[in-house]
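This report goes through one structure by topic. The sequence and the model come first, and the description follows.

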Amino acid sequence: MKSFQGQALSWELKDGVMELALHRGPCNEIGSTTLEDLEGFTAALEAAEGEAHAVIIYSSLKSGFCAGADLRELYQRSQSMDPSDAIQGVRDFLKRIHRVMNVIDASPLTTIAAVHGVTFGGGFELALVCDLIIADKMARFCFPELRLGLIPGFGGIPRLKRDLGNGVVRDLLLTGRSFNAMKAQQVGLISQVVAEGESLRAARATAAQLKKFDRRTAAAAKNFIKPIPREELQREIDLFCELFAQPAVEAGLRKFAESTEAQPYLP
């Protein structure tokens, strides 16, 4: 299959580059629909390894790259179950999203996240699985989960620790504040800052450059410098589920779900 059009995302393989476009309003929140589409994408990604050399993940929405998990869906589902079933449902969802993230992370293809605007929570975590992050100057990065009594649950903490110093990790995790693109580049989070609206163009130019190199060499280099912290990822799931059982989480999710603000995820 060379292309796919889903409810939450679409992808196309052309000239050796697989482009994944996120397009679920209001800001590509990751819930059950998006997860199903992402699972289909990872299956196609593995099948295309012999034909492609690069992957680009981007958003076609003006609002931003991705605001993170679909918290309203999470709250509604948890309210319809008894507590033990709700926690098991969360664990099952996290295991599925981790499988998706790990496939993209471990792909022998070079992966590029072209981000703009809101890149928060699970959206930040999706960008972190990519080898390169190219951001336009209006991009903002944030882990706001502590406002809900939670930690990032899609693999963000182990991957951020892999890529950056612990001081930066603690800053993002414990303060909940956002980094703009310039700050993100200064600390080594992103590889390139471009003009507003230019991240996808820059990612495509980078993907074209990558075509010049031997794929086996590039894949070997990536495997050497980018180990997947699988043990820490499993511990993250366990800690997230432990925290999810706390009363503060239900209160935080309820406040978010009942908010009438257009962008309640903004800090």
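In β4, which residue is the bridge partner of L20? The bridge partner of L20 is I57.

## Basis of the model

This is a predicted model, in which local features need pLDDT of at least 70, side-chain atom pairs count only at pLDDT 80 or more, and totals for chains, interfaces and linings use all residues. Residues are numbered from 1 along each chain as its sequence is written, and side-chain values use heavy atoms, with hydrogens and water left out.

## The sheet

Seven strands form an open sheet with mixed pairing, in the order β1-β2-β3-β4-β6-β8-β11. Its edge strands are β1 (3–5) and β11 (192–194), each of which pairs on one side only. On average, and with direction ignored, neighbouring strands of this sheet are turned by 15° against each other. Helices (H or I, at least four residues) and strands (E, at least two) are DSSP runs, numbered from the N terminus. Two strands pair if DSSP finds at least two bridges between them.

## Helices

Helix α8 (residues 199–210) lies across β3, β4, β6 (110–115), β8 (132–136) and β11, and runs at about 165° to β6. Axes here are lines fitted to C-alpha atoms, for helices over the stretch in contact (heavy atoms within 4.5 Å). Angles run from 0 to 180 degrees between N-to-C directions.

Helix α4 (residues 121–128) is mostly covered, with eight of its eight residues buried. Among them are F124, E125 and L126. Buried means under 20% relative accessible area, exposed over 50%, and partly exposed in between (1.4 Å probe, protein chains only).

S32 lies in helix α1 (residues 32–47). S32 counts as buried because its relative accessible area is 13%. Leaving aside neighbours within four places in sequence, S32 is in contact with E73, R77 and F93.

## Pockets

Rolling a probe the size of a water molecule over the atoms shows where empty space is left. On a 1 Å grid over the protein atoms alone, a cavity is a set of points where a 1.4 Å probe fits but cannot get out, and a pocket is an open set with protein on both sides within 12 Å along at least five of seven lines; lining residues have an atom within 4 Å of a point. Grid points are joined across faces, edges and corners, and a volume is the space filled by probe spheres set on the points.

The largest pocket has a volume of about 750 Å³. Of the 38 residues that line the largest pocket, A69, D70, L71, L74 and L148 lie nearest its centre. Two or more lining residues come from each of α2 (71–79), α3 (83–106), α4 and α11 (247–257). The lining has 20 nonpolar residues (Ala, Val, Leu, Ile, Met, Phe, Trp, Tyr, Cys and Pro), nine charged (Asp, Glu, Lys and Arg) and nine polar (the others, Gly among them).

The second largest pocket holds about 360 Å³ of space. It is lined by 17 residues, and C130, D131, L132, I225 and K226 are the closest to its centre. The elements giving two or more residues to this lining are β8, α5 (156–163) and α9 (215–225), and α9 has the largest share, four residues.

## The cavity

The structure holds one cavity of 30 Å³ or more. About 50 Å³ of space lies in the largest cavity. Its lining includes A8, L22, R24, C66 and L126, and divides into six nonpolar, two polar and two charged residues.
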